[in-house]
Amino acid sequence: MSRTKPYQPSLLRFLHGVNALLVIAALISGYWVYDTFDGRFGKVPLPRINPIIDYHGTIGLTFFLFAPLFVIYSLWCGRKKLVQKDSIAQLSNIGKPISWISLQRLTNTVMLLAIVFAAISGKLMDETWLPTGELHHLAYSLHLTAWATMLVCLALHLLMSAKVGGVPLLLSMSSFKVRSDDHPKLWIQQLRNRV
Ligand code: HEM
Ligand code: HEM
């Protein structure tokens with residue numbers, strides 16, 4: 001039996017792809033900042049990069065400005081892939097495909113919350129705290145928690161997407177192929193029609 005290949009709208013792939021790259025860059029550079037100036041929960045011997053906070057700040061700011069576009073798109077056009085009214089009830093059908101789909105939609109939704117948490121706690125950070133050993137600020141504890149939340153959620157998001165659609169679904173998100181009826185010229189129209 002031949003299964004139809006999953007296809008993701010080009011606007012979703014663009015926004016999701018840029019957002020994912022920024023999140024991964026923030027996770028790595030954020031860890032590097034922690035490893036350089038903190039290390040209370042363990043550390044690995046990473047080479048010292050003196051302007052690492054500046055680099056992370058630039059990635060963080062780009063993420064802060066870009067992520068709202070992806071969040072708005074997901075709430076506007078991608079709402080069917082987020083948690084639904086009956087999702088929680090369907091979770092109880094343990095082991096059935098519908099329960100995995102509901103769990104996947106739930107993790108997609110949690111990803112949006114993780115974005116908001118990381119972006120807001122990052123905005124509350126001050127670049128001078130860590131170099132002067134000020135590790136006690138609440139905003140820093142929140143921002144570290146946001147890092148761990150994002151990492152765990154990303155792992156769950158990938159696991160759930162793989163469980164629901166396997167490798168073809170994961171590949172459909174990173175493919176560069178664009179159908180003629182999904183050309184970037186049509187993005188505005190797609191947003192208007194909410195498709
Ligand atoms: C161990 C993990 C992390 C540490 C130690 C850390 C540390 C910092 C520091 C010191 C700043 C202040 C930089 C500045 O003002 O120039 C900052 C800002 C920021 N970080 Fe993180 N971060 C971490 C993880 C993350 C993650 C995972 C994200 C997003 C996915 C993120 C997003 C941001 C944002 C949005 C800003 C604000 C940038 C700005 O407005 O200038 N951070 N972070
Ligand atoms: C890094 C590799 C990533 C891969 C391979 C990946 C994969 C996927 C796939 C395959 C889907 C489509 C699910 C479907 O059609 O049922 C999806 C949707 C989604 N992903 Fe990711 N993802 C990644 C990173 C991220 C990150 C970092 C975030 C946010 C922080 C994120 C948030 C979302 C959201 C919110 C949706 C639902 C989009 C919509 O509403 O249409 N993903 N992802």
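The iron atom of ligand 2 sits in an octahedral site, with angles of 88 to 179 degrees among its six donor atoms. His16 and His157 are the protein donors, each through NE2 and lying 2.0 Å from the iron. His16 belongs to helix α1 and His157 to helix α5, so the pair ties together parts that are 141 residues apart in sequence. The model is predicted.

**Surroundings of ligand 2**

- Ligand 2 is surrounded by 24 residues, and the closest are Gln8, His16, Gly78, Gln104 and His157.
- The side chain of Gln8 places an N or O atom 3.1 Å from an oxygen atom of ligand 2.
- Gly78 contributes a backbone N or O atom, which lies 3.0 Å from an oxygen atom of ligand 2.
- His157, besides being a donor to the iron, has a side-chain N or O atom 2.8 Å from a nitrogen atom of ligand 2.
- His157 has a relative accessibility of 15%, and it counts as buried because the limit is under 20%.

**Nonpolar cores**

- The largest nonpolar core has 21 residues, and Leu15, Phe63, Phe70, Tyr73, Leu112, Ile115 and Met150 have the most contacts inside it.
- Two or more residues of this core come from each of α1 (10-37), α2 (52-76), α4 (97-123) and α5 (138-174).
- Another core lies apart from the largest one; it has 11 residues, including Trp32, Tyr34, Ile52 and Ile53.
- Leaving out residues up to four places away in sequence, Phe63 touches Asn19, Leu22, Val23, Pro68, Ile115, Ala118 and Ala119.
- In soluble globular proteins, nonpolar side chains tend to be buried together.

Note on methods: Residues are numbered from 1 along each chain as its sequence is written. Chains are lettered from A and ligands numbered from 1 in the order in which they are written. This is a predicted model: local features need pLDDT of at least 70, side-chain atom pairs count only at pLDDT 80 or more; totals for chains, interfaces and linings use all residues. Side-chain values use heavy atoms; hydrogens and water are left out. A nonpolar core is a set of buried Ala, Val, Leu, Ile, Met, Phe, Trp, Tyr and Cys residues joined through side-chain atoms within 4.5 Å. Buried means under 20% relative accessible area, exposed over 50%, partly exposed in between (1.4 Å probe, protein chains only). Helices (H or I, at least four residues) and strands (E, at least two) are DSSP runs, numbered from the N terminus. Contact means heavy atoms within 4.5 Å. Donors are N, O and S atoms within 2.8 Å of the metal (3.2 Å for Na, K and Ca); water is not among the atoms, so sites may look incomplete. Four donors count as tetrahedral if all angles lie between 85 and 135 degrees; four count as square planar and six as octahedral if opposite donors are over 155 degrees apart and all others between 65 and 115; anything else is irregular. A residue is near a molecule or strand if one of its heavy atoms lies within 4 Å of it. A polar contact is a pair of N or O atoms within 3.5 Å; within protein, one must be able to donate a hydrogen and the other to accept it, and residues adjacent in sequence count only if both atoms are side-chain atoms.
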